[in-house]
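Try each task before you read its solution.

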Amino acid sequence: MEEKSLYRDVKNKICQMIYKDIYKDGENIPSERKLAENLGVSRVTVRKALKLLEEDRIIERIQGSGTRVDLKYGARAGNMDIITLVAPAQNTFFSRFIDAFQTTAEELGSLVLFKQKPLGQSLEECLFRIYEKDLRNVVLWLEDMEISYEALRKLRGLGMNIILFDFTRKNDYADSVCLDNSDAVNELVNCLRKAGCKKIGFMGWDDDTVESVKIREEEFVKFCPDGKVVRIPRKYHNHLDELEEFTVRKYLSRLKECDGTLYSVGELAVPFERMKRKDAFNHPIAMIDKVPGVMGKEIFTVDQDFQKMSDRIFECLKQQNKKSGAWRAEVYQVKGIRVHSL
């Protein structure tokens with residue numbers, strides 16, 4: 001048992017050097033003898049570790065030319081016994097998402113492990129530590145975290161299946177599952193217009209590094225070019241109760257010409273609609289993801305369908321775990337659930 005643990009540890013150390021670009025894709029790694037010296041283990045242990053890497057299609061041994069890194073990016077035969085969810089637990093919608101996610105996991109017989117990135121640790125390091133534990137299926141909810149394209153490439157090449165949740169950009173190494181933001185914004189703009197709104201305001205976050213924040217504002221400007229956009233500092237995300245009254249009024253004053261408001265996320269509506277009710281304003285409002293505590297004359301909502309999104313995530317993982325190498329990364333947009341309340 002200890003011997004098995006030792007050569008798996010050697011395998012992980014070699015993978016880490018590939019991940020850190022010490023051993024580059026397409027280039028030779030040191031000889032068995034040199035690796036044994038560098039890592040302080042026997043050549044037998046190194047040989048067994050290299051055999052595991054070869055079986056995982058991470059390296060290729062070429063007669064007379066040595067051993068080179070040879071990463072593969074297609075589907076790999078695997079199972080879905082354990083799914084690791086890396087996500088921000090403090091997100092307003094985390095509990096709703098994980099409820100749906102676990103429902104799908106239970107139906108498919110998968111165990112869900114939750115992991116939040118530790119403070120002081122990079123996301124790249126966090127994901128590699130998951131990889132070292134032989135956890136190969138990861139669902140990553142980035143929110144305001146960032147991961148490099150190169151890190152995704154290497155993790156994929158090392159054999160990790162990755163789904164990016166709430167991410168809209170296509171890449172070659174991970175499937176993306178997100179709300180159909182264009183459909184949601186278009187639907188809500190049309191609802192406000194049908195309710196008689198002539199001048200529509202849009203309230204969102206000021207941080208366009210968050211994919212959904214950026215795309216929703218872009219779609220609003222496209223569908224409502226004569227609208228008014230107001231951006232709230234992202235530092236208030238999950239801390240809107242810290243907004244003081246004069247700050248709320250300052251941002252509302254920028255929408256004084258508007259007779260309807262579309263909130264990029266439902267949580268933004270809470271302090272601003274509370275203030276409008278206090279001042280006897282009662283215009284129609286629209287939001288993506290309704291939250292408790294928002295009342296008004298007419299409220300139009302598009303809620304994210306977390307159950308359909310979870311089902312799609314698991315379908316993507318199935319495709320990535322197939323023996324065939326035909327898998328290609330795609331972006332899957334899931335239409336939201338429309339709600340109209342008076």
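Predicted model: local features only at pLDDT ≥ 70, side-chain atom pairs only at ≥ 80, totals over all residues.

**Exercise 1. The cysteines**

Does C316 count as buried or exposed, judged by its relative accessibility?

*Solution.* Residues are numbered from 1 along each chain as its sequence is written, and side-chain values use heavy atoms, with hydrogens and water left out.

Step 1. Areas come from the Shrake-Rupley method with a 1.4 Å probe, and for residues only the protein chains shown count as cover.

Step 2. C316 has 2% relative accessibility, so it counts as buried.

Step 3. Apply the disulfide rule, a pair of cysteine sulfur atoms within 2.5 Å. For C316, the nearest cysteine sulfur belongs to C178 and is 11 Å away. For C191, the nearest is the sulfur of C197, at 10 Å.

Step 4. C191 is buried too, at a relative accessible area of 18%.

**Exercise 2. The overall picture**

Describe the chain: how many helices and strands does it have, and what part of its residues is buried?

*Solution.* Step 1. Count the elements, which are DSSP runs numbered from the N terminus (helices: H or I, at least four residues; strands: E, at least two). The chain has 11 helices and 14 strands.

Step 1. Take the extent: the C-alpha trace spans about 80 × 35 × 35 Å along its principal axes.

Step 2. Take the burial: 52% of the 342 residues count as buried.

Step 3. Zoom in on helix α5 (residues 123-132), where the buried residues include L123, L127, F128 and Y131.

**Exercise 3. Salt bridges**

*Solution.* Step 1. Use the rule that a side-chain nitrogen of Lys or Arg lies within 4 Å of a carboxyl oxygen of Asp or Glu.

Step 1. D9 and K13 form a salt bridge, 3.5 Å from N to O. The two residues sit four apart in helix α1 (residues 2-19), about one turn of the helix. An α-helix has 3.6 residues a turn, so residues three or four places apart point the same way. D9 is partly exposed at 34% relative accessibility, and K13 is partly exposed at 35%.

Step 2. Move to a pair from separate parts. E211 pairs with R169, with the closest N and O atoms 2.8 Å apart. E211 is in helix α8 (residues 211-223), while R169 is in the loop between β6 (161-165) and β7 (175-179), so this pair ties together parts 42 residues apart in sequence. E211 counts as buried, at 12% relative accessibility.

Step 3. Finish with a network. Salt bridges link D21, K24, D25, E150, R153 and K154. One of these bridges joins K24 and D21 at 3.2 Å, N to O. K24 is partly exposed at 36%, as is D21 at 29%.

**Exercise 4. Positive phi angles**

Which residue has a positive phi of about 50° although it is not a glycine? Look for further cases as well.

*Solution.* Step 1. Recall the background: most residues other than glycine have a negative phi.

Step 1. The residue is E143. E143 lies in the loop between β5 (137-141) and α6 (149-157), and it is buried at 10% relative accessible area.

Step 2. D289 also has a positive phi, near 75°. Its loop runs between β11 (285-288) and β12 (299-303), and D289 is buried at 1%.

Step 3. D134, which follows α5, has a positive phi near 65°.

**Exercise 5. A surface patch**

Which residues form a nonpolar patch on the surface?

*Solution.* Step 1. Patch residues have over 30% relative accessible area and no salt bridge; nonpolar side chains (Val, Leu, Ile, Met, Phe, Trp, Tyr) are joined within 5 Å, and like charges within 9 Å.

Step 1. The patch is made of I82, L111 and L113, with about 230 Å² of accessible area together.

Step 2. L113 is in strand β4 (residues 111-115) and is partly exposed at 33% relative accessibility.

Definitions and conventions:
Buried < 20%, exposed > 50% of the residue type's maximum accessible area, 1.4 Å probe, protein only.
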